[in-house]
Amino acid sequence: MTNETYALDTIDNSKHHSDGIEVLFFTLGDTIYGIEIKYINEIIGIEDITVVPKIPPHVKGVINIRGKVVPVISIRRRFYMEEIPYDDRTCIIVIEFNDGNQVGIIVDRVQEVVVVKKEYISRTPDYKNVNTNRYIKNIIEINEDIKLLLDCDKLILDD
């Protein structure tokens, strides 16, 4: 498949709005997740991934983006979800950290970028039996829809 890039150039990914944060929403199955736009470098279509031996099961391998080798992880595997075949809407969201390191995450569908007002963002429950997913940073509730904001640092860096 070709390396199709989705436009994010209209978004200032260094900007936080005084009344909220910019979030890119995507789906895995029936669940909607979000990533703060400040982490997102680009979104590309799924492409051939080079498998690397002896890596964790959620790491699919590496891809080459303009001469830079970028590891790619399956969020489905990271969350112990069943893998599904890739289709024309499967995407790789390329996340970039402050140190310049990049990681691609495979998602089912990219939805939209939204400025989420602070009043719609709440902490995850502290109950161990409710919040067993340490990768969820916050819960966003808009019009009775629940969306889960991911903690990119933990999602990528935790073992």
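## Overall layout

In what order do the elements of the protein chain run from the N terminus on? The order is β-β-β-β-β-β-α-β-β-β-β-β-β-α. That makes two helices and 12 strands in the protein chain. Helices (H or I, at least four residues) and strands (E, at least two) are DSSP runs, numbered from the N terminus.

This is a predicted model, in which local features need pLDDT of at least 70 and side-chain atom pairs count only at pLDDT 80 or more, while totals for chains, interfaces and linings use all residues. Residues are numbered from 1 along each chain as its sequence is written, and side-chain values use heavy atoms, with hydrogens and water left out.

## Confidence

pLDDT is the predictor's confidence in each residue, from 0 to 100. Its mean over the protein chain is 83. Of the residues, 82% reach 70 or more. Residues 1-16 have a pLDDT below 50. In the model this stretch has 34 contacts beyond near neighbours in sequence; contact means heavy atoms within 4.5 Å. Where pLDDT is low, the predicted coordinates should not be read in detail.

## Burial and contacts

The protein chain has 159 residues, and 43% of them count as buried. Buried means under 20% relative accessible area, exposed over 50%, and partly exposed in between (1.4 Å probe, protein chains only). Take the contacts between residues at least 6 apart in sequence: 56% join residues at least 24 apart.

## Strand pairing

Two strands pair if DSSP finds at least two bridges between them. Strand β4 (residues 40-45) is joined to strand β7 (residues 91-96) by five bridges, and the two run antiparallel. Ile 40 has Ile 95 as its bridge partner in β7. Five of the six residues of β4 are buried.

Strand β12 has pairings with β3 and β11. Two bridges join β3 to β12, and these strands run parallel. Six bridges join β11 to β12, which run antiparallel. Leu 148 in β12 stands opposite Tyr 33 and also opposite Ile 139. β11 and β12 form a hairpin with two residues between them. Asn 143, in the turn, has a positive phi of about 50°.

## Nonpolar cores

A nonpolar core is a set of buried Ala, Val, Leu, Ile, Met, Phe, Trp, Tyr and Cys residues joined through side-chain atoms within 4.5 Å. The largest one here has 28 residues. Ile 35, Ile 93 and Ile 105 have the most contacts inside it. The elements that give two or more residues to this core are β2 (20-28), β3, β4, β7, β8, β11 (136-142), β12 (145-150) and α2 (152-157). Ile 105 touches Ile 35, Ile 93 and Ile 156, among others, leaving aside its neighbours within four places in sequence.

A second, separate core has nine residues, including Ile 44, Val 72, Ile 92 and Ile 106. In soluble globular proteins, nonpolar side chains tend to be buried together.

## Aromatic pairs

How many aromatic pairs does the structure hold? There are four. Rings of Phe, Tyr and Trp (its six-membered ring) pair if their centres lie within 6.5 Å; planes under 30 degrees apart count as stacked, over 60 as edge-to-face and the rest as tilted. The ring centres of Phe 26 and Tyr 33 are 5.9 Å apart and the planes lie at 20°, so this pair is stacked. Both residues are buried.

Tyr 39 and Phe 97 form an edge-to-face pair, 6.0 Å centre to centre with 65° between the planes. Tyr 39 lies in the loop between β3 (31-36) and β4, and Phe 97 in the loop between β7 and β8 (102-107), so the pair ties together parts 58 residues apart in sequence. Tyr 39 is buried at 12% relative accessibility. Phe 97 is buried too, with a relative accessible area of 12%. One aromatic cluster is formed by Phe 26, Tyr 33, Phe 79 and Tyr 135.

Arg 76 sits in helix α1 (residues 75-78). It counts as buried because its relative accessibility is 9%. Beyond neighbours within four places in sequence, its contacts include Leu 28, Glu 82 and Asp 108.

Ile 63 sits in strand β5 (residues 59-65). Its relative accessibility is 3%, so it counts as buried. Among the residues that Ile 63 touches are Ile 44, Val 72 and Ile 92, not counting residues up to four places away in sequence. Val 51 is 12 residues from Ile 63 along the chain, and their C-alpha atoms are separated by 9.2 Å.
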